[in-house]
Amino acid sequence: MPKKTRSKNKSHSGVDKKGKILKTKRKTKDLDEVQANMAAETARQLLNQPIDYDIPGAAQHYCLYCARYFVDDHNLQHHLKSKVHKRRVKDLKTEAYTLEEAEQAAGKGQYRPPRSVHVPDDQKKLYKMDTDSVEDVISSDNK
């Protein structure tokens, strides 16, 4: 009589694949990508996007630091007070981790700790275009 071998449980065959899918489903931009978007011109473009109905909230309510769109201004204001947003702002206050920093930490060069980066608390006040002054210029040209 042949020896019976224990077969693999077939009910858990896709668990590893499912875990990877769930990890990448809600992937947000990395800190270095967000810091690149914090440049004045890029931030102005992201915060003043044209209406696009394929994006939540027609792309009018965007958190620059978390790279998230919101349905309305109430949800955006609620998010700005949340712990998730505050953690992200705290992480952005240090310089992004780069390849040069990794090589310096490994012994290839002089290591220097990451510098602090100025991140304003209110993204709209700093980067949003001053629409009042633009409207004043347009109205004065028409007169």
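Q: Contact means heavy atoms within 4.5 Å. With that in mind, which residues does L92 touch, not counting residues up to four places away in sequence?

A: This is a predicted model. In it, L92 touches L31, V34, Q35, M38, Y65, V117 and V119, once residues up to four places away in sequence are set aside.

Q: Which residues have the most contacts inside the largest nonpolar core?

A: L92 is one of them, and the others are M38, Y62, C63, L64, Y65 and V119. The core has 15 residues.

Q: Which residues of α3 are buried?

A: Helix α3 covers residues 40-47, and its buried residues are A43, L46 and L47. They lie on the same side of α3, because they cover an arc of only 90° around the axis.

Q: Stepping back, how many helices and strands does the protein have?

A: There are 8 helices and 2 strands. Along the sequence, the elements follow the pattern α-α-α-β-β-α-α-α-α-α.

Q: And what percentage of the residues is buried?

A: Of the 143 residues in the protein, 21% are buried. The protein exposes about 11,700 Å², and carbon and sulfur atoms supply 53% of that area.

Q: What share of the contacts joins residues at least 24 apart?

A: The share is 43%, taken among contacts between residues at least 6 apart in sequence.

Q: New topic: aromatic rings. How many aromatic pairs are found in the whole structure?

A: The search finds 1 aromatic pair. Its members are Y62 and Y69, and the pair is tilted, with 4.7 Å from centre to centre and 50° between the planes.

Q: Why is that pair called tilted?

A: Planes under 30 degrees apart count as stacked and those over 60 as edge-to-face, so a pair with an angle in between counts as tilted. The planes of Y62 and Y69 are 50° apart.

Q: Where is A59, and what is its phi?

A: A59 is placed in the loop between α3 and β1, the strand of residues 62-63. Its phi is near 65°, a positive value in a residue other than glycine. Most residues other than glycine have a negative phi.

Q: Is A59 buried or exposed?

A: A59 is buried, at 0% relative accessibility.

Q: What about A67?

A: A67 likewise has a positive phi, near 55°, and is a residue other than glycine. A67 lies in the loop between β1 and β2, the strand of residues 68-69. At 21% relative accessibility, A67 is partly exposed. The cut-off matters here, because buried means under 20%.

Q: Last one: where is E101 found?

A: E101 belongs to helix α6, which covers residues 99-105. At 10% relative accessibility, E101 is buried.

Q: Which residues is E101 in contact with?

A: Apart from its neighbours within four places in sequence, E101 is in contact with A96, Y111 and P114.

Notes: Residues are numbered from 1 along each chain as its sequence is written. This is a predicted model: local features need pLDDT of at least 70, side-chain atom pairs count only at pLDDT 80 or more; totals for chains, interfaces and linings use all residues. Side-chain values use heavy atoms; hydrogens and water are left out. Helices (H or I, at least four residues) and strands (E, at least two) are DSSP runs, numbered from the N terminus. Buried means under 20% relative accessible area, exposed over 50%, partly exposed in between (1.4 Å probe, protein chains only). Accessible areas come from the Shrake-Rupley method with a 1.4 Å probe; for residues, only the protein chains shown count as cover. The arc is that of the directions from the helix axis to the C-beta atoms. Rings of Phe, Tyr and Trp (its six-membered ring) pair if their centres lie within 6.5 Å; planes under 30 degrees apart count as stacked, over 60 as edge-to-face and the rest as tilted. A nonpolar core is a set of buried Ala, Val, Leu, Ile, Met, Phe, Trp, Tyr and Cys residues joined through side-chain atoms within 4.5 Å.
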